[in-house]
Amino acid sequence: MPRKKMIKVSLGQLTQPLKVKKVQAGTTLKDFLSGEEIDYNSRIRVNALTKTAGYTLKADDIITVVGEVSGGR
């Protein structure tokens with residue numbers, strides 16, 4: 001039985017070092033985030049761009065969780 005191809009992606013979160021993770025080729029952004037116990041939301045970026053939850057991760061993608069920004073008075 002052939003083994004599934006694995007790819008490496010990176011996960012960056014505020015105040016934490018960049019993590020390199022191996023995932024199966026064909027993994028969606030939502031499935032990856034679920035495995036990391038992170039909810040998909042508008043603060044998630046892939047290679048600095050907003051992607052849909054169904055985006056299929058590619059080798060060397062960099063997933064960034066952007067912190068919440070609050071402002072005003």
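A polar contact here is a pair of N or O atoms within 3.5 Å, one able to donate a hydrogen and the other to accept it. I keep that in mind for D61. I also note that this is a predicted model.

**Entry 1: the sheet**

I began with the strands. There are 4 of them in an open sheet, in the order β2-β1-β4-β3, and the pairing is mixed. β2 and β3 (44-46) stand at the edges with a single partner strand each, so one side of each has no neighbour in the sheet. From one strand to the next, the twist averages 30 degrees.

**Entry 2: β1 and its partners**

I looked up β1 next. Strand β1 (residues 6-13) runs antiparallel to strand β2 (residues 19-24), and 6 bridges join them. I checked two positions along this pair. M6 stands opposite Q24, and I7 has V23 as its bridge partner.

I then followed the chain from β1 into β2. The two strands form a hairpin with 5 residues between them. In the turn, T15 has a positive phi of about 70 degrees.

β1 also pairs with strand β4 (residues 62-65), this time in the parallel sense, over 4 bridges. There I found L11 bridged to I63.

**Entry 3: D61**

I moved to D61, which lies in the loop between β3 and β4. Which side chain of opposite charge is nearest to D61? It is K58, 5.9 Å away. A salt bridge needs the nitrogen and the carboxyl oxygen within 4 Å, so D61 is buried yet has no salt bridge.

What does the side chain of D61 make polar contacts with? One is the side chain of N47, at 2.8 Å. Another is the side chain of Y55, at 3.0 Å.

I also listed the contacts of D61, leaving aside neighbours within four places in sequence. They are K8, V9, S10, V46, N47 and Y55.

**Entry 4: the salt bridge**

I searched for salt bridges and the count came to 1. Which residue pairs with E36? It is K21, and the closest N and O atoms are 3.5 Å apart. E36 lies in the loop between α1 (29-35) and β3, and K21 lies in strand β2, so the pair ties together parts 15 residues apart in sequence.

Are these two residues buried or partly exposed? E36 is partly exposed, with a relative accessible area of 24%. K21 is partly exposed too, at 25%.

Conventions:
Residues numbered from 1 in each chain as written. Predicted model: local features only at pLDDT ≥ 70, side-chain atom pairs only at ≥ 80, totals over all residues. Heavy atoms only, no water. Pairing = 2+ DSSP bridges. Axes fitted to C-alpha atoms, helices over the stretch in contact; angles between N-to-C directions. Buried < 20%, exposed > 50% of the residue type's maximum accessible area, 1.4 Å probe, protein only. Lys, Arg positive; Asp, Glu negative; His and termini not counted. Contact = heavy atoms within 4.5 Å.
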